[in-house]
Amino acid sequence: MKEIRKLREIIPAPFADCHDGEGTLLCRSLLDGLGSSKFPFMHSDEMPAGVSIGVHSHTENEEIYYLQSGKGVLTFDGKEYEMNAGDISLCADGHSHGFRATENCILIVVASY
């Protein structure tokens, strides 16, 4: 277990068709090596306009989308909502969500058990 990860240790990797979405985002996996038992992952995803995370359901876990910069459209339980920088959404157990970038953006994604 590490106490801190430095930015230089976080190597971005392309991730295509996330949850059957469109295009390729650039994923920075932020928690790798920190040994969390409650959070399986936290990503900082650079998403060019038009790239999406496909709609998917959550069972036995929750996930947060925090839009750090840019704009996009959140699909939550079949309804669409505009997201702007600073907006946040929690997808609790039993719900579904997805996201499409309408501008270049950075989306922080945090999952919990």
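Two strands count as paired if DSSP finds at least two bridges between them. By that rule, this predicted model holds an open sheet of 4 strands in the order 4-9-6-7. A further open sheet has 6 strands, ordered 1-2-3-10-5-8. Pairing is antiparallel in the sheet of 4 strands, and antiparallel pairing also holds in the sheet of 6 strands. A search of the whole structure finds 0 disulfides.

- Strand 4 (52–57) and strand 7 (79–84) stand at the edges.
- Each of these edge strands has a single partner strand, so one side of each lacks a neighbour in the sheet.
- Neighbouring strands here are turned by 20° against each other on average, direction ignored.
- Strand 6 (residues 71–76) pairs with strand 7 in the antiparallel sense, over 6 bridges.
- Within strand 7, Glu80 stands opposite Thr75.

- The edges are strand 1 (13–16) and strand 8 (88–91).
- Strand 1 and strand 8 have a single partner strand each, so one side of each is left without a neighbour in the sheet.
- From one strand to the next, the twist averages 25°.
- Strand 3 (residues 41–47) pairs with strand 10 (residues 105–112) through 7 bridges, in the antiparallel sense.
- Met47 stands opposite Cys105, a residue of strand 10.

**Cysteines**

- The cut-off for a disulfide is a pair of cysteine sulfur atoms within 2.5 Å.
- The search of the whole structure gives 0 disulfides.
- Cys27 is in no disulfide; the nearest cysteine sulfur belongs to Cys18, 8.1 Å away.
- Cys105 is in no disulfide either; its nearest cysteine sulfur, that of Cys18, is 12 Å away.
- Buried means under 20% relative accessible area.
- Cys27 has 11% relative accessibility, so Cys27 counts as buried.
- Cys105 is buried too, with a relative accessible area of 4%.

**Positive phi in loops**

- His19 is a residue other than glycine with a positive phi, near 50°.
- The loop between strand 1 and strand 2 (24–29) holds His19.
- At 42% relative accessibility, His19 counts as partly exposed.
- Glu60 is a residue other than glycine with a positive phi, near 70°.
- Glu60 lies in the loop between strand 4 and strand 5 (62–69).
- Exposed means over 50% relative accessible area.
- Glu60 has a relative accessible area of 72%, so Glu60 is exposed.

Conventions:
Residues numbered from 1 in each chain as written. Predicted model: local features only at pLDDT ≥ 70, side-chain atom pairs only at ≥ 80, totals over all residues. Heavy atoms only, no water. Buried < 20%, exposed > 50% of the residue type's maximum accessible area, 1.4 Å probe, protein only. Helix = DSSP H or I, 4+ residues; strand = E, 2+ residues; numbered from the N terminus. Axes fitted to C-alpha atoms, helices over the stretch in contact; angles between N-to-C directions.
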